[in-house]
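Subject: Structure for you to look at

Dear colleague,

I am passing on the structure we spoke about, together with notes on what was found in it. Please open it alongside this message and follow the residue numbers as you read.

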Amino acid sequence: MSYSLLSWAQKTQNPLSALVLKTIATTDELISQLPFVPKEGESFEYIREVSIGSFGYIDPSNPAISESTGSEEVIKVPKRWAGGDFYIENFANDHAGESAYRTQLRMKLKAAGRMIADDVINGAYAGTITVSAADVGAYVDTIVAGPWLDSYRHGLGLLRYTHSGTKLAFRAPGDMHFGADVTCAADGTYTLTSENPSKYVVVTLDVSDATRDQTLTVNFASSSHEFDGLKKIVAPSQVRASTGTNGDALSFEIMDELRDSVKVRENLFYIMPSSLVRSYAKLCRALGGVTPEAVVGGQRFMAHDGIPILRNDNIAVDESKGGSNGTLSSVYLASLAPETGVYMGALGGSSMPADLDPYQTSILGFRMYDLGQIQASNKAGWRINWYGGLALGSTLAAARAKEIAPA
């Protein structure tokens, strides 16, 4: 079972739970619609289809049947841990009572909601990547991590260089085998996938520095400890680059391309910053009609081809191409559906009644603790923790058009 924060807030019978959920859900349109799915364990796994094989007609004169077995991959999403404390002086607590506590709780939850909402778009765990020192270590000038690469949880990654043929292969943390060798005969940028194709790195190489066979270790660490967001987890094959010299203007055709590339059609939403929402409204007004709308869960959104558009200013307007330096942005289309689309796997059990008390158990990843009186001062404390990670049930459940110019 899954709920969005907004739907759970409407359903819950516990006033404290309703405050927790409504405060967070109202800080961001995307967060209000994102499914939260209870997941046990410090990480959670699911199976994702890679290929389905083939099926064809048989020649009666030569009735041979070719083998083409489908394949799957295991996605393992590490949960991240966030939290914060707040304290209230006993004087204020004794005189203002419940209102002082609720005011501080609401502000702390709003801060939590804003942080999680930003990471749903921009989260990137592996911000510190270290390649082992070796005599051919300079061969790798830079390395950019794909999603869910975590050496703290799953061990080191490996890069295997084969000098004969100048080939490079990658084995991600947690995988048993290397991915396919990629020929890297010239300086440049290459994408290397691991045994599980969802795990990949993008490396920039200086080929002249490689002189012999070598295996390098790669440590994927983090200073932010955040989960990987949409910018990371959307598959490279689902990213549309602009065709114009200085980026592309937003158009109905670009939005249609995204719609055509997303094959998981349940609960679809476009997601774009305010500047591009205004560009879309301008396109609609130029046709001489009204701006189309859609209603989801009692909320009214602008829409394209019946698909709601979520305004999200966590999508930065800072992308560059050609002469457009830091003025371009992105549009996403995602199926916000549990298990098959984009969803948040959060702390919780297999079932979560709506009247749960957040002091007794977790609600959509949030857990509250009463710290009691602080011995060294005349105040009482409370703690809020959250545990979760963003998942993508299918590579065909989300797409991105980048380098788009607001009108």
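The structure holds 3 cavities of 30 Å³ or more, where a cavity is a set of points, on a 1 Å grid over the protein atoms alone, at which a 1.4 Å probe fits but cannot get out. This is a predicted model, in which local features need pLDDT of at least 70 and side-chain atom pairs count only at pLDDT 80 or more, while totals for chains, interfaces and linings use all residues. Residues are numbered from 1 along each chain as its sequence is written, and side-chain values use heavy atoms, with hydrogens and water left out.

The largest cavity has a volume of about 50 Å³, a volume being the space filled by probe spheres set on the grid points, which are joined across faces, edges and corners. Its lining, meaning residues with an atom within 4 Å of a point, consists of Ile 121, Asn 122, Lys 231, Ile 315, Ala 316, Asp 318, Glu 319, Ser 330, Tyr 332 and Arg 400. By class there are 4 nonpolar, 2 polar and 4 charged residues in the lining of the largest cavity; here Ala, Val, Leu, Ile, Met, Phe, Trp, Tyr, Cys and Pro count as nonpolar, Asp, Glu, Lys and Arg as charged, and the others, Gly among them, as polar. Both α5 (98–122) and β21 (324–335) supply at least two residues of that lining, with helices (H or I, at least four residues) and strands (E, at least two) taken as DSSP runs numbered from the N terminus.

There are also pockets, a pocket being an open set of points with protein on both sides within 12 Å along at least five of seven lines. The largest pocket contains about 430 Å³ of space and is lined by 13 residues, of which Val 144, Tyr 200, Lys 231, Arg 400 and Lys 402 lie nearest its centre. At least two residues of the lining of the largest pocket come from each of β7 (140–145), β12 (200–205), α7 (230–233) and β25 (398–405). The second largest pocket, with about 310 Å³ of space, is lined by 20 residues, and Arg 48, Glu 73, Ala 235, Ser 237 and Thr 395 are those that lie nearest its centre. Two or more residues of this second lining come from each of β3 (43–51), β11 (188–193) and α7, and β3 gives the most, with 3 residues.

Turning to the protein as a whole, it has 9 helices and 25 strands, and buried residues make up 49% of its 407 residues, buried meaning under 20% relative accessible area with a 1.4 Å probe and protein chains only.

Two of the strands deserve a careful look. Strand β16 (residues 268–272) is mostly covered, since 5 of its 5 residues are buried. Leu 268, Tyr 270 and Met 272 point one way from β16, whereas Phe 269 and Ile 271 point the other way. In a regular strand the side chains alternate between the two faces of the sheet. β16 runs antiparallel to β21, to which 4 bridges join it, and Phe 269 stands opposite Ala 334 in β21; two strands are said to pair if DSSP finds at least two bridges between them. With strand β19 (residues 307–311), β16 pairs in the parallel sense over 3 bridges, and there Tyr 270 has Ile 309 as its bridge partner.

Strand β24 (residues 379–392) is also mostly covered, with 11 of its 14 residues buried. Its antiparallel pairing with strand β5 (residues 80–89) extends over 10 bridges, in which Arg 80 has Gly 388 as its partner, and its antiparallel pairing with strand β23 (residues 366–374) extends over 8 bridges. A hairpin joins β23 to β24 through 4 residues, and Phe 366 is the bridge partner of Trp 386 in β24.

Finally, is Lys 199 buried or exposed? Lys 199, in the loop between β11 and β12, is buried, with a relative accessible area of 8%. Leaving aside neighbours within four places in sequence, Lys 199 is in contact (heavy atoms within 4.5 Å) with residues including Leu 149, Phe 170, Pro 173, Asp 175 and Leu 192.

With best wishes

How values were computed: Buried means under 20% relative accessible area, exposed over 50%, partly exposed in between (1.4 Å probe, protein chains only).
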